[in-house]
Amino acid sequence: MSTVALVPAAGRGERLGFGMPKAFVPVRGTALLAHAVRGLLDAGCVRHVVVAAPPADLAATTALLKAAGLPAMVVAGGADRTASVGLALRHALQVIPDTRVVLVHDAARAFTPTSVIQAVVAAVEAGARAVIPVLPMADTVKQVDAEGTVLTTPDRACLRVVQTPQGFDAATLAEAYALADSATDDAGLVEKLGIAVTTVPGHPYAMKVTTPFDLAIAEAVLAAQEG
Ligand code: CTP
Ligand code: MG
């Protein structure tokens, strides 16, 4: 029985504005994608990694991972994140038939501590069908209308910020992706099946690198991790 990590890395990184896919943007000399894949493999509980790469950069992605000494399969990603994960999942289920646990982990969350990855896998192995790492909200959140007028203030104590890796029993994720629906995270698809999604504590270092500000934070996080 294998644990497989799918790594959506096929985005264009437009908000980061580096003029290259975010997966290739270096942090302290190493591409974000290489940091992310190394983290997954270092966790010790991930057997295979399938990366969804920008279709125009398949060869470059394969070369980058090889140069970093990171064993991973590379497939062409799709038009949006859901499509990229769906393509990586289809490949994983075809070539690794004994897949039991599937993680989906954004290349952009390259500095997720191995303890978070291990906790997600352990929760799925213990019987949860879908597991997500979460953090409490630091800010108050408002729901607004199209004009920006506040409609309501949800109770912050009931809200969580969601990170990756999200972990699933393989059959559950396959069922969710068979819906051919869309969601901003993979657990969102599982929720549409009426299946319970459970949570484990996330970590601030599992932040998603989206903007230049985040990249500056990521440099500091990596400096702290490298000691
Ligand atoms: N992603 C993907 N395929 C897409 C779009 C996004 O695999 N067609 C991946 C990204 O590579 C990233 C993750 O999904 O690892 C989260 O997406 P996001 O942070 O939005 O990254 P980008 O789409 O690259 O950034 P932007 O939206 O700023 O262009
Ligand atoms: Mg995007």
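In which sense do strand S7 (residues 130-136) and strand S11 (residues 166-169) run, and how many bridges join them? The two strands run antiparallel, and 2 bridges join them. This is a predicted model, and the points below are grouped by topic.

**Strand S7 and its partners**

- Within S10, valine 161 is the residue opposite leucine 135.
- With S12, the pairing of S7 is parallel and has 4 bridges.
- Here threonine 198 of S12 stands opposite valine 131.

**Alanine 206**

- Alanine 206 lies in the loop that runs between strand S12 (198-201) and helix H7 (212-226).
- Alanine 206 counts as buried because 23 C-beta neighbours lie inside 10 Å, and the cut-off for a buried residue is 20 or more.
- Apart from neighbours within four places in sequence, the contacts of alanine 206 are Arg109, Thr112, Val116, Pro133 and Gln163.
- Alanine 206 and leucine 58 are 148 residues apart along the chain, and 26 Å separates their C-alpha atoms.

**Helix H3**

- Helix H3 (residues 81-95) has 15 residues, which should span 21 Å at 1.5 Å a residue; the end C-alpha atoms are 21 Å apart, so the two values agree.
- The buried residues in H3 are Arg81, Thr82, Ser84, Val85, Gly86, Leu87, Ala88, Leu89 and Ala92.
- Among the elements that the buried residues of H3 pack against are strand S1 (2-8), strand S4 (48-53), strand S5 (73-76) and strand S6 (99-104).
- Two helices are packed against as well, namely helix H5 (170-177) and helix H6 (186-192).

**The nonpolar core**

- The largest nonpolar core contains 67 residues, and Leu6, Val7, Leu33, Val37, Val51 and Val102 have the most contacts inside it.
- Helix H1 (residues 32-42) supplies the largest share of this core, with 7 residues.
- Leucine 33 is in contact with Ala9, Ala23, Phe24, Val51, Leu64 and Ala107, leaving aside neighbours within four places in sequence.

**Ligand 1**

- There are 22 residues around ligand 1, and those that come nearest are Pro8, Ala10, Gly11, Arg15 and Ser84.
- Sorted by class, the shell around ligand 1 holds 8 charged, 8 nonpolar and 6 polar residues.

Technical notes
Residues numbered from 1 in each chain as written. Chains lettered and ligands numbered in written order. Predicted model: local features only at pLDDT ≥ 70, side-chain atom pairs only at ≥ 80, totals over all residues. Buried ≥ 20, exposed ≤ 12 C-beta atoms within 10 Å, placed from the backbone. Contact = placed C-beta atoms within 7 Å. Near = placed C-beta within 6 Å. Nonpolar A, V, L, I, M, F, W, Y, C, P; charged D, E, K, R; others polar. Core = buried A, V, L, I, M, F, W, Y, C linked by C-beta atoms within 7 Å. Pairing = 2+ DSSP bridges. Expected span 1.5 Å × (residues − 1).
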